[in-house]
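Okay, hi everyone, thanks for making time.

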Amino acid sequence: MTDWSGYLSLILQGAVVTVQLTVMGSALALVMAFVAGLGRLSRFAGLRWLATAYIEFFRGTSIFVQLFFAYFVLPFAGISLTPLQAGVLALGLNVGAYAAEVVRGAILSIGKEQYEACIALNLSRWQCMRRIIVPQALLVMLPTFGNNAIELLKATSVVSLISLADMTFQANIVRSQTGNTLFPFATILILYFAFAMIITFSIRALERRMARGLDGVRN
Amino acid sequence: MTEPIIKIDAISKSFGNFQVLDGLSMQVMPREKLALIGPSGSGKTTILRILMTLERIDAGHIAIEGEQLYHMPKNGGLVAADERHLTKMRQKIGMVFQLFNLFPHMSVIDNVTLAPMLTKGVARAAAEKRAMELLDMVGMSEKAKAMPAQLSGGQKQRVAIARALALQPKIMLFDEVTSALDPELVEEVLNVLWKLCAETDMTMLLVTHEMGFAHDFADRVLFFDRGKIVEEGKPDEMFSNPKQERTQTFLRKIIAAGHRV
């Protein structure tokens, strides 16, 4: 009889890394999404061009290659990253590129009359964006952001390829040590699903909170 | 002799191939209440939108209190106004829209206090005090904490008026402010306009299809058609004895459509 509890704790150690990657990667992705999403809507052609280049490059190339590049190639340029840093960088930049299009689309979905009210009230472009447009657009972005975060969670497994001991990496260790496939992979299957559900429900709760008052129902 | 507060000089405006305004000139005196009437597409709303800098002009000049709106002096000549100049000029002008354009994610009072706090640096306490006075004036102080979605159209429009007033503009533009309202809600908004008329010395430009109100409210009525002022005059002359055939036809149609004159 194998003692599974030791192997389970190994997988749970990996789960901590997966959660770290997901949280930090999502934070970077969120920042990149707003920088690039707003950049694409900028008045300045240079900014628009830069944002478009970023988005198209990271959507158009594989996350594997991006990760290997960050971990194996950047050191030749004098930038040495730990596996975790490389993982967060690649995941954040990759998912940020997709989410940037979400930001852009949501901002474009806000009606022109809101901008006109801003002008009539003499708000600056920045004030209008920050106080009026983005807060309303955020509600439109949220559900898709939830999708993006789940995509990112699932993509974290690629970091096992640069020897970062995430959940998938640990499951493989357990498999090679015990020869059992059902236990390690059923465990991480359930864990990935549980994490995804946490993201789904958090986003839903956030959405409900933000939509409060917008539909005319008393909070 | 007082100077006009608004001086529009030969402005033109096209949307694509459609020329909305063609060399239009007009003047408005301080404190004057002006009603702009005419068929849709006649350019009356465009004039308000141009004054609010929501549309740019293709040609001509506009002066507000003697200062150019779309131009600014530079090296002895006039150049196109930059954003800073427009920001300065916009302080003189406020606008209320047909569809209210309230900020749906903010409470009534936040809608009213936002612009004074952001654009004039008014402290929150002072902005809220002033906002409550304005909401009181438009009969909306009880709904200060409500969200716009909880209000009727007439209530929304009264909040929108309070919001525009909070910046203390000298000129107020009202763009068909009752057109989107159910008939029974029109009066509460018109009553607010009456109050403004009696209690403030703002210059008011009103685009409207409420001919009865235009008649009672305005010092002068301008009838627009195809981007030109076809006829203008005192409300009594305009409504009871229009001289131009196009004015007569328009008023006949409006009355046939059930609008009171």
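By helix I mean a DSSP run of H or I with at least four residues, and by strand a run of E with at least two, both numbered from the N terminus.

Some housekeeping. This is a predicted model, so local features need pLDDT of at least 70 and side-chain atom pairs count only at pLDDT 80 or more, while totals for chains, interfaces and linings use all residues. Residues are numbered from 1 along each chain as its sequence is written, and chains are lettered from A and ligands numbered from 1 in the order in which they are written.

UniProt, in an unreviewed entry, puts "transmembrane region" on residues 6–36, 57–81 and 182–203 of chain A. Those positions use the numbering we have here, feature names are shortened, and annotations may be inferred rather than shown by experiment. Residues 6–36 of chain A are 100% helix and 0% strand, with end C-alpha atoms 44 Å apart.

How much of chain A is buried? Of its 219 residues, 36% are. Buried means 20 or more other C-beta atoms within 10 Å of a residue's own, exposed means 12 or fewer, and partly exposed is in between, with C-beta atoms placed from the backbone.

Now, where do the chains meet? 18 residues of chain A are in contact with 22 residues of chain B, contact meaning C-beta atoms, placed from the backbone, within 7 Å. On the chain A side, helix H5 (112–120) and helix H6 (125–155) each supply at least two residues. The largest share, six residues, comes from H5(A).

Chain B has an open sheet of six strands, in the order E8-E9-E10-E3-E11-E12, with mixed pairing. Two strands pair if DSSP finds at least two bridges between them. The edges are E8 (93–96) and E12 (228–233) of chain B, each pairing on one side only. E8(B) and E9(B) pair in the parallel sense over four bridges, and B:Ile93 stands opposite B:Ile171. Next along, E9 (171–175) and E10 (203–207) of chain B are also parallel, over five bridges, with B:Phe174 opposite B:Leu206.

A handy rule: in a regular strand the side chains alternate between the two faces of the sheet. In E8(B), B:Ile93 and B:Met95 sit on one side and B:Gly94 and B:Val96 on the other, and all are buried.

Last bit: cores. A nonpolar core is a set of buried Ala, Val, Leu, Ile, Met, Phe, Trp, Tyr and Cys residues joined through C-beta atoms within 7 Å. The largest one has 118 residues, and B:Leu36, B:Ala162 and B:Leu206 have the most contacts inside it. Helix H4 (residues 83–108) of chain A gives the most to this core, 14 residues. Among the residues that B:Leu36 touches are B:Lys44, B:Leu206 and B:Phe224.

Notes:
Contact = placed C-beta atoms within 7 Å. Lists of a residue's contacts leave out its neighbours within four places in sequence.
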